[in-house]
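Please have the sequence and the model open while reading.

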Amino acid sequence: MNLLARTRLRQPQELSKQRVIIPKRRRAHWSINLMYVPALIVLSFFIFYPFFQGIHLSFTNWDGYSAQFRWVGLMQYGRILSDQVVLRAIVNTFIYGFGSTLLQNILGLAYALFLDRKMRGKGVVRTIVYLPIMISPLIMGYICYFFFQYDGGAANDVLHVLGRTPVDWLSNGTAAVWIITLVNTYQYMGISMLIYLAGLQAIPREYLEAAAIDGASALARFRKVTLPLLMPSITISVVYNIIGGLKLFDVIVAMTNGGPGDASQSLSTMMYTLYFAREDAGYAAALGIIMFLIITVVGLTMLRFLRRKEVQL
Amino acid sequence: MKKRLALLLVTGICLLHIIPFFILINIAFKSPQDTSSKWLTPFYLYLDNFGNAWQNANLGQSLVNSCIITVSGVVLVVIIGALASYPLARFPTRWNTLIYTLCISCMIVPALTILVSLYKLVVDINGIDTYWAITFVHVAFALPLTIFLYTGFLKTIPRELDEAALIDGCNRFTLFVRILLPLLKPVTATVIILVGVIIWNDYQFSVFFLQNPEIQTVPVALSGFFSQYQNNINWVAAGCLISILPAVVVYLFLQRYFVKGLTEGFTK
């Protein structure tokens, strides 16, 4: 106790002396690094270890519960090439990813451009457009299911009033995929709008005014001034949306559960089905690795491509 | 004229975006015998759907479970994340930079890609149907973002403040706890909002790791309820309405903080 008190008392003098000798970059004691050990433990245990274990399992024929399984090399990856259902799921994954990214960004940008001015009702629009972000995507899927249901669904009521025959929206694979994309867009376009609104606010008004004085039309001002300066926001929004879309899961489960048949499966719901319903864990692990590769490659490519188009103020 | 047009557009946008919620409310308040269109609001008060949904979906218990998991997850992520960020932001030695990169690169590992091995791991450590396993999984997947936000924020705090505190008698640790931690309040609010929303709404982990109805969170309980009572959509709608209510109410009251938190979380 006594010793502790003394060292604590001596410390300030020592430190101030040190400061005189080496004013810059005082080295900290290594023990300060202990502070990130808890984080490293949690990450290694629940992310790094399962990640490498997953790579290992993808080379085996594990069924999900038995203690015994054996090494099968690249067999699970080979299966993908001749598996029509999984190939369809990969195509769907890309539709979910790129489709919702395209829609979310076009709509988000349009809304942001429209709202980026002093006007009545701006706050209300923001509140309403952001609201779905707070809701679980699963529940959002259920809510939209009531809309697209065949029997007494809200969309079919509209068709009925217009005198058309009702459509069974979700029992057509292609339609279901696009409806799910639409629901995902509806739920998360607020994020794009939020990013673009922040980006627009960072653009100095003088630039646009100067362009206007020089006689640039509204379209020219948008294309030559706003858009280039908005590139950093576009990068964030696009990369964020594409990663979110490629790993879409909850909405699909809620609206079609991958059906009809397997027509609206994405890679994530496919993995879930293979692992829990079809006892094909090795194959599911291989799909996981494929999904990881797709998301990493697409995400990083988009990031590099968009970053190159950014301009400095 | 232009102003009128803008106002018209605003009204249009609001109405369009509110449709799903409008329909949800209509269904939730309708008696199951009422087969009129979902676009029509019922002009009678019928609340039985809510009672039935509350009981059959076990919503009371699952709301409690969701609260426990969300609160403990957020608290842990803030503590572990803030602690880790201090050395990573302030002492960027070669080794620490490597560790920082490693942590941040976890952000691109989508949780579901490692589902098979993660599930196996949780089974092996007897973590199925426990609060702690799901909480730690959430913490692990929220940590990269948290560390990213905290280190980013710490780097904006001038180092001169550290030096002054050190001269005044703090050691490195008390410096962090007494001086820097109070300054981290704004970014902590951002982390709480982002991570809180993610954990509260999570379905993809909860559905695997929480199978016992007594421990299920709201989305999982609701998905079970939905598959069981798919034909009784009035009940399901009432269940949906009850489960989105807490998040919606908190959002409406703390909207300013939510918008600020989301903006900072996504644009930093």
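## A polar contact in chain A

In this predicted model, the side chains of A:Asn184 and A:Ser100 make a polar contact at 3.3 Å. A:Asn184 belongs to helix 8 of chain A, which covers residues 173-201. Its relative accessibility is 4%, so A:Asn184 counts as buried.

Besides its neighbours within four places in sequence, A:Asn184 is in contact with A:Ser100, A:Gln104, A:Gly245 and A:Leu248.

## Salt bridges in chain A

Side chains of opposite charge can pair when their charged atoms come close. Over all chains, the count of salt bridges is five. One of them joins the side chains of A:Arg79 and A:Asp280, with an N to O distance of 2.8 Å. A:Arg79 lies in helix 3 (residues 75-81) of chain A, while A:Asp280 lies in the loop between helix 12 (267-277) and helix 13 (281-307), so this pair ties together parts that are 201 residues apart in sequence. The two partners can also be described by accessibility: A:Asp280 has a relative accessible area of 17% and is buried because the limit for that class is under 20%. A:Arg79, at 29%, counts as partly exposed.

A salt bridge also forms between A:Arg278 and A:Asp262, where the closest N and O atoms are 3.3 Å apart. A:Arg278 sits in the loop between helix 12 and helix 13 of chain A, and A:Asp262 in the loop between helix 11 (250-255) and helix 12, so the parts tied together here are 16 residues apart in sequence. A:Arg278 is partly exposed, with a relative accessible area of 41%.

## A salt bridge in chain B

In chain B, the side chains of B:Asp162 and B:Arg90 meet in a salt bridge of 2.7 Å, N to O. This pair links distant parts of the chain: B:Asp162 is in helix 7 (residues 159-167) and B:Arg90 in helix 3 (residues 59-90), 72 residues apart. Are B:Asp162 and B:Arg90 buried or exposed? Both residues are buried.

## The nonpolar core

In soluble globular proteins, nonpolar side chains tend to be buried together. The largest nonpolar core in this model has 193 residues. Those with the most contacts inside this core are A:Met255, B:Tyr86, B:Leu143, B:Phe209 and B:Ile244.

Which residues does B:Tyr86 touch, not counting those up to four places away in sequence? From chain A, B:Tyr86 touches A:Ile32 and A:Met35. From chain B, B:Tyr86 touches B:Phe91, B:Leu154, B:Arg172, B:Leu175, B:Phe176 and B:Leu180.

Terms used: Residues are numbered from 1 along each chain as its sequence is written. Chains are lettered from A and ligands numbered from 1 in the order in which they are written. This is a predicted model: local features need pLDDT of at least 70, side-chain atom pairs count only at pLDDT 80 or more; totals for chains, interfaces and linings use all residues. Side-chain values use heavy atoms; hydrogens and water are left out. A salt bridge is a side-chain nitrogen of Lys or Arg within 4 Å of a carboxyl oxygen of Asp or Glu. Helices (H or I, at least four residues) and strands (E, at least two) are DSSP runs, numbered from the N terminus. Buried means under 20% relative accessible area, exposed over 50%, partly exposed in between (1.4 Å probe, protein chains only). A nonpolar core is a set of buried Ala, Val, Leu, Ile, Met, Phe, Trp, Tyr and Cys residues joined through side-chain atoms within 4.5 Å. Contact means heavy atoms within 4.5 Å. A polar contact is a pair of N or O atoms within 3.5 Å; within protein, one must be able to donate a hydrogen and the other to accept it, and residues adjacent in sequence count only if both atoms are side-chain atoms.
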